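Here are my notes on the model, point by point. Please keep the structure open as you read.

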Amino acid sequence: MGASQSTESNLTAGIQRHLSKIVVAPSFAASLFFVYGFILWTGYMAFSKSRMLPVWDWAGLRQYERLWQMERWHVAIENLLIFGGLFIVTCLVIGCLLAVLLDQRIRAEGALRTIFLYPMALSFIVTGTVWKWLLNPGLGLESMMHDLGWTSFEFDWLVNSDMAIYTVVIAAVWQASGFVMAMFLAALRGVDQDIIRAAYMDGASLPRIYFGIIIPSIRPVFLSAIVVLAHLAVKSFDLVIALTGGGPGYSSDLPATFMYTMAFQRNQLGVGAASAMMMLATVMAIIVPYLYSELRGGKKNG
Amino acid sequence: MADIQTYSHDAGWKHTVLRGLLYLVLILFAAYYLFPLIVMISTSLKSLDEIREGSLISLPRVVTFDAWNYAWNEACVGVECTGIKIYFWNSVKMAVPAVLISTFLGAINGYALTKWRFKGANIVFALLLFGCFIPFQVVLLPMSQVLGKLGLASSTAGLVMVHVVYGLCFTTLFFRNYYVSIPDELVKAATIDGAGFFTIFWRIILPISTPIIVVSVIWQFTQIWNDFLFGASFASGANAPMTVALNNIVNTTTGVKQYNVDMAAALLTGLPTLLVYVLAGKYFVRGLTAGSVKG
Amino acid sequence: MASLTLDKVRKAFGPVEVLKEINLAIDDGEFLVLVGPSGCGKSTLLNLIAGLESSTDGEIRIGDRVINDVHPKDRNIAMVFQSYALYPNMTVRKNITFGLEIRGVSNQERDKAVADVAKLLQIEPLLDRKPSQLSGGQRQRVAMGRALVRDPDIFLFDEPLSNLDAKLRVDMRTEIKKLHQRLGSTIVYVTHDQIEAMTLASRIAVMKDGILQQFDTPQNIYERPNNMFVAGFIGSPSMNFIDATLVDDGGNLAVSIAREGTTIVLPLFEAPESYKAYAGKKVVFGIRPEALTHKRTGSDEQGSQYVNFDSKVEVIEPTGADTMTVIDIAGKEIVARVRPDRAPTPGESMTFSADMSQISLFDPETELRI
Ligand SMILES: Nc1ncnc2c1ncn2[C@@H]1O[C@H](COP(=O)(O)OP(=O)(O)OP(=O)(O)O)[C@@H](O)[C@H]1O
Ligand SMILES: [Mg+2]
């Protein structure tokens, strides 16, 4: 014992304390570089004259002006609004409905849950491939209906430039609604059973209990689900590529595919960067307030 | 909700009808979700002629695995007609290291951020977390530049790096939230027992992390295997992952459209993640909700 | 074995000071109990001694060695936690030997040490189980085994019994006491249960808001509490406090309690010098329930000095051994402890005796003992 040991253990204690920082440092550095650094880089590109290759010449807001003058960008934004709105609402309705139905002491609940949720495990490319085949005007659902005797049935949305974006909604809802179901079901199971029993004792009917007590009490899950779905919608890329390729023409483009096309196929780096920044701004507008309230709420509870 | 029925007084026909309706609706929904999968399987087992003549829902009259065989061994991706198998292995070579590395880093980050908190640990975590939510379009351009500079363009190693970097935030989130609920006293007890940072991690923390490791591995595997954006952007040609190859097969406009091959290739692409889902559905759902809800 | 000294120890988390100038010293083999309400800094103090937190100021010594900068593992201490903190992935045997293994103790010695400890704590049949397969009491024993096996200079216990049910808690309390008597080790023990404190301690340190209120033997703390907080905290049911005036009753000091229309005057027989300064002033009269009982007379062999007064009974709460009788004095509920066979019925009036040899007087401003 004595001084020498104490300084030695002091040293190890010092290293131990720093180990924690040392261990996190690589990830943190990577995040600083690959997330924040890259955002800055893209942000700068959006203010530069870059076209085919990145250049550092300042162009002010020129790229943003060009972006907003492009018919195609307006189509993409409009599509995002249609797609996002329908996708979110439909997923919420189906997800909530399925969750409530599954919550009625259903015999094969496990199996049904598995079936409702499995599309979420698939790649959007796979989903797009299947639905492309199903919605194929010549051989898909249309011909199936004809065979079944409904000869006037027409379903050409996939190749109809006014309707193509709705096929993306159909496929996306098929893929993601089960996930919303899972979220709601978990929340329903978390509702205090005693409250429900008390309401039942008071003579409230089942629908009254659901609409009056249970659904209001899981309101935070609605918010979470909306945020997650909105986030998914803004990032949607693969599904459009696989299902419609953004077509016919560019009628089913979304901002994500627009950016990709500009940046990698049209040699419009500046415009691509500007559109990417617009996407980032949109996602941040949704996520930041949400995360802020979540983290603050978490602190209050914990 | 489960207990309500025990109190139910209005048994009798009304109740029976309602229950029947309930099951009917659920079964219809199940059919809706299963329909594409069944069509995919049945189409992949038909010959092209049968597809043209028959209906979407008719089961194959003659079951043939030719389409599967063709998709695996011969299908053309671009000009290369080597089948989807080499891209399957590309995906494996990309996913396995990326999953392992990002999970390990997430574990040690989560451990450091919760059990050896330093000043600013919360800020570091919040900054890391932010990466989960950015639309990746915003990093595509600089990433392709950097990969080019590093000589990793169009390589599997490059893709591994990309997936590790952008998967980190999720794995860190998983492990951090898990470790927050593990009592600090465990670490204190081990400290008094004389164990240090890494000893505690290896001997005590990691052995009790199995559930969250499973969640993280499944989540990362699904994400990376299913990724298309990074694959399409950074790995063209012979190093492309399977999703990119599938999209290529399906969208080639030359030659006769072989729907059965498309479906077989799609099934092959979806099979690994479906398998994981069937085997470990519980953890899959936990990852989904943890990754998307709790900040 | 070693003595422990804390010299002006302070601890702040950022701007918040949770420990303010704590001075404590115990000898080798003493059993120090830290008590106080939740959040008063007991665990923090224990963590400082263990080295899990570093103190902001002051000196901590084990024996003659200053240990402020010594790593926990080199302090030769062992700690038992409230949640037991057993390593869930290891068997009981592994749990107990982990510390020895880290220190490089040989396999043979480890086996022997485990065998000894397991025998002492009677956990031999449990050695190959995982913590999840143990009951609360068994976990508690294993946690103690993990501390004992190291044969440390000082044992630290942080509320080790608070997760056990009432019966088991009493049993384990006795066992800890026996263990201490047998091993003669130095122990610092945190609890917020004042009965645990009274039964186990050789000395008690009462804390509140990071300030040491009193540091003394259990008997002194009980009989001569430094202030109203300590008086109220130690003892169950707690001490009654009544607003009163100290009056000169014909050369003898007496406590006068105003009460609807009348006053109760309770003479003090052997008033200490310190009371004199308060003659004619307001004081807080503190009396424990057991000093307030059914009618007795004169003084008995213990030197008790009884004074009688009448009061109406509000509520009675039988506990078996005694019946707690609530009476109303000057708008305050006062608890008296009455033998069951003398228990009154509520609403009835009866004569009570106050044992004036067991009372405390406090300054109403400073709340300090007079
Ligand atoms: N790491 C920390 N950072 C900031 N404040 C802390 C920290 N640890 C403890 N505190 C605060 O210090 C005070 C004392 O905490 P401590 O855990 O020592 O209380 P305690 O007496 O053990 O209470 P209990 O009986 O509930 O265990 C509390 O107010 C607590 O909020
Ligand atoms: Mg405590």
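How many salt bridges are there between chain C and chain B? The notes below give the count.

1. **Ground rules.** This is a predicted model, where local features need pLDDT of at least 70, side-chain atom pairs count only at pLDDT 80 or more, and totals for chains, interfaces and linings use all residues. Residues are numbered from 1 along each chain as its sequence is written, chains are lettered from A and ligands numbered from 1 in the order in which they are written, and side-chain values use heavy atoms, with hydrogens and water left out.

2. **Chain C against chain B: salt bridges.** The count is two salt bridges. A salt bridge here is a side-chain nitrogen of Lys or Arg within 4 Å of a carboxyl oxygen of Asp or Glu. Arg150(C) pairs with Asp193(B) in this way. Their closest N and O atoms are 3.5 Å apart.

3. **Chain C against chain B: the rest of the contact.** Chain C brings 27 residues and chain B brings 15. Contact means heavy atoms within 4.5 Å. About 1,700 Å² is buried between the two chains, with 63% of it on carbon and sulfur atoms. Buried area is the accessible area (1.4 Å probe) that two parts lose on being put together, summed over both. Nine residue pairs are in polar contact, both residues at pLDDT 80 or more. A polar contact is a pair of N or O atoms within 3.5 Å; within protein, one must be able to donate a hydrogen and the other to accept it, and residues adjacent in sequence count only if both atoms are side-chain atoms.

4. **Who supplies the chain C side?** H2(C) gives the most to the side that touches chain B, with five residues. Helices (H or I, at least four residues) and strands (E, at least two) are DSSP runs, numbered from the N terminus. By class, this side of chain C has 15 nonpolar, six polar and six charged residues. Ala, Val, Leu, Ile, Met, Phe, Trp, Tyr, Cys and Pro count as nonpolar; Asp, Glu, Lys and Arg count as charged; the others, Gly among them, count as polar.

5. **Chain B against chain A.** Here 92 residues of chain B are in contact with 97 residues of chain A. The buried area is about 8,800 Å², and carbon and sulfur atoms give 76% of it. The salt bridge count is zero. There are 24 residue pairs in polar contact, both at pLDDT 80 or more. Helix H2 (residues 13-44) of chain B gives the most to the chain B side, with 16 residues. That side has 63 nonpolar, 24 polar and five charged residues.

6. **Ligand 1.** Residues around the ligand include Phe13(C), Lys42(C), Glu159(C) and His192(C). To be listed, a residue needs a heavy atom within 4 Å. A polar side-chain atom of Ser38(C) lies 2.4 Å from a ligand oxygen. Backbone atoms take part too: Gly39(C) comes to 2.8 Å from an oxygen of the ligand, and Gly41(C) to 3.0 Å. Helix H1 (residues 42-50) of chain C gives the most to this shell, with three residues. The shell divides into three nonpolar, six polar and two charged residues.

7. **A bridge inside chain C.** Over all chains there are 22 salt bridges. One of them joins Glu53(C) and Lys11(C), with closest N and O atoms 4.0 Å apart. Glu53(C) lies in the loop between H1 and strand E4 (57-62), and Lys11(C) in strand E1 (residues 4-13), so the pair ties together parts that are 42 residues apart in sequence.
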